[in-house]
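Here are some notes to keep beside you as you look around this structure for the first time. Take the points in order, and turn the view as you read.

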Amino acid sequence: MTNARVAAKSRKTKETEIRVTLNLDGTGQYEIHTGIPFFDHMLAQLARHGHMDLTIAAKGDLEIDGHHTVEDTGWVLGQALHEALGDRRGITRFGHAYVPLDEALTRAVVDLSGRPYLVYQVEFRIPRIGDLQTELVEEFLKALVQEGKFNLHVESLYGRNQHHIAETIFKATARALHAATRVAEDGGDIPSTKGVL
């Protein structure tokens with residue numbers, strides 16, 4: 001790889017302040033602090049299993065709830081991903097992964113098409129896991145695909161333990177993203193008949 005696929009992005013509003021650095025060709029190193037420990041644990045899965053180096057520092061209005069912090073983290077991480085991909089020349093473009101964790105199994109499929117779209121087929125049976133509202137998993141992924149400009153289908157195939165289900169969502173998404181972002185040895189072409197992604 002001749003060109004480093006790295007990006008640093010930030011966002012500051014009256015509700016949150018988010019800073020993200022991303023290296024798509026890293027080794028899975030991470031330093032993540034959002035003020036929501038279970039969310040940090042999920043983002044660590046994204047970094048480790050996506051083989052990306054990731055630093056996230058987020059401060060938000062957690063005295064209200066985690067919504068703004070989680071959503072805005074997705075926005076800024078998506079922006080970093082989009083920037084790090086550049087013109088997407090030579091990327092595999094498509095990726096998929098099935099990830100189990102004990103009794104739970106999730107499938108994630110990615111198309112780095114330049115067109116944001118999320119299909120999310122997951123139903124949690126409890127309103128929160130640790131300190132993370134479970135409905136915010138979908139909000140994070142919506143923001144991530146919107147700003148990352150890619151298509152993501154996530155389906156929880158089965159599972160009972162809600163922690164396991166959440167963890168397989170992030171691990172499967174990470175593995176699918178890793179596969180889709182790989183670049184051909186010769187640098188390749190834009191993987192589209194349109195000539196642009």
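Which backbone oxygen does the side chain of T134 reach? The first point below takes this up.

1. The side chain of T134 reaches the backbone oxygen of I126, at 2.7 Å. This is a polar contact, meaning a pair of N or O atoms within 3.5 Å; within protein, one must be able to donate a hydrogen and the other to accept it, and residues adjacent in sequence count only if both atoms are side-chain atoms. T134 sits in the loop between strand 9 (132-133) and helix 3. Helices (H or I, at least four residues) and strands (E, at least two) are DSSP runs, numbered from the N terminus.

2. Before going further, please note that this is a predicted model, where local features need pLDDT of at least 70 and side-chain atom pairs count only at pLDDT 80 or more, while totals for chains, interfaces and linings use all residues. Residues are numbered from 1 along each chain as its sequence is written, and side-chain values use heavy atoms, with hydrogens and water left out.

3. Back to T134: is this residue buried or exposed? T134 has a relative accessible area of 7%, so it is buried. Here buried means under 20% relative accessible area, exposed means over 50%, and partly exposed is in between (1.4 Å probe, protein chains only). Not counting residues up to four places away in sequence, T134 touches F124, I126, P127, R128 and I129. Contact means heavy atoms within 4.5 Å.

4. T173 counts as buried because its relative accessibility is 1%. Its side chain reaches the backbone oxygen of I169 at 2.8 Å. Setting aside residues up to four places away in sequence, T173 touches L46, A108, L152 and V154.

5. T173 also belongs to a helix pairing, in which F38, H41, M42, Q45, L46, H49 and G50 of helix 1 meet H163, A166, E167, F170, K171, T173, A174, R175 and H178 of helix 4. By class, this contact has 6 nonpolar, 7 polar and 3 charged residues. Ala, Val, Leu, Ile, Met, Phe, Trp, Tyr, Cys and Pro count as nonpolar, Asp, Glu, Lys and Arg as charged, and the others, Gly among them, as polar. Helix 1 (residues 37-50) and helix 4 pack at an angle of about 30 degrees, and their axes are 7 Å apart. Axes are lines fitted to C-alpha atoms, for helices over the stretch in contact, and angles run from 0 to 180 degrees between N-to-C directions.

6. Now turn to helix 2 (residues 67-85) and helix 3 (residues 135-148), which pack at an angle of about 30 degrees with axes 7 Å apart. Helix 2 is therefore roughly parallel to helix 3 (angles under 35 degrees count as roughly parallel, over 145 as roughly antiparallel, 65 to 115 as roughly perpendicular and the rest as oblique). Among the residues making the contact are V70, W75 and L77 of helix 2, along with L136 and F140 of helix 3. By class, the contact has 7 nonpolar, 7 polar and 3 charged residues.

7. V70 is buried, with a relative accessible area of 1%. Leaving aside neighbours within four places in sequence, V70 is in contact with I36, F39, L132, L136 and F140.

8. Two residues have backbone angles to check. D102 has a positive phi of about 55 degrees although it is not a glycine. D102 lies in the loop between strand 5 (94-101) and strand 6 (104-111) and is exposed, with a relative accessible area of 65%. K149, likewise a residue other than glycine, has a positive phi near 60 degrees. K149 is in the loop between helix 3 and strand 10 (151-158), and at 31% relative accessibility K149 counts as partly exposed.

9. Finally, visit the segment after helix 4, where G188 is placed. At 33% relative accessibility, G188 counts as partly exposed. G188 and R89 are 99 residues apart in sequence, with their C-alpha atoms 6.3 Å apart in space. G188 touches R89 and G90, not counting residues up to four places away in sequence. V196 is also in the segment after helix 4, and is exposed at 53% relative accessible area.
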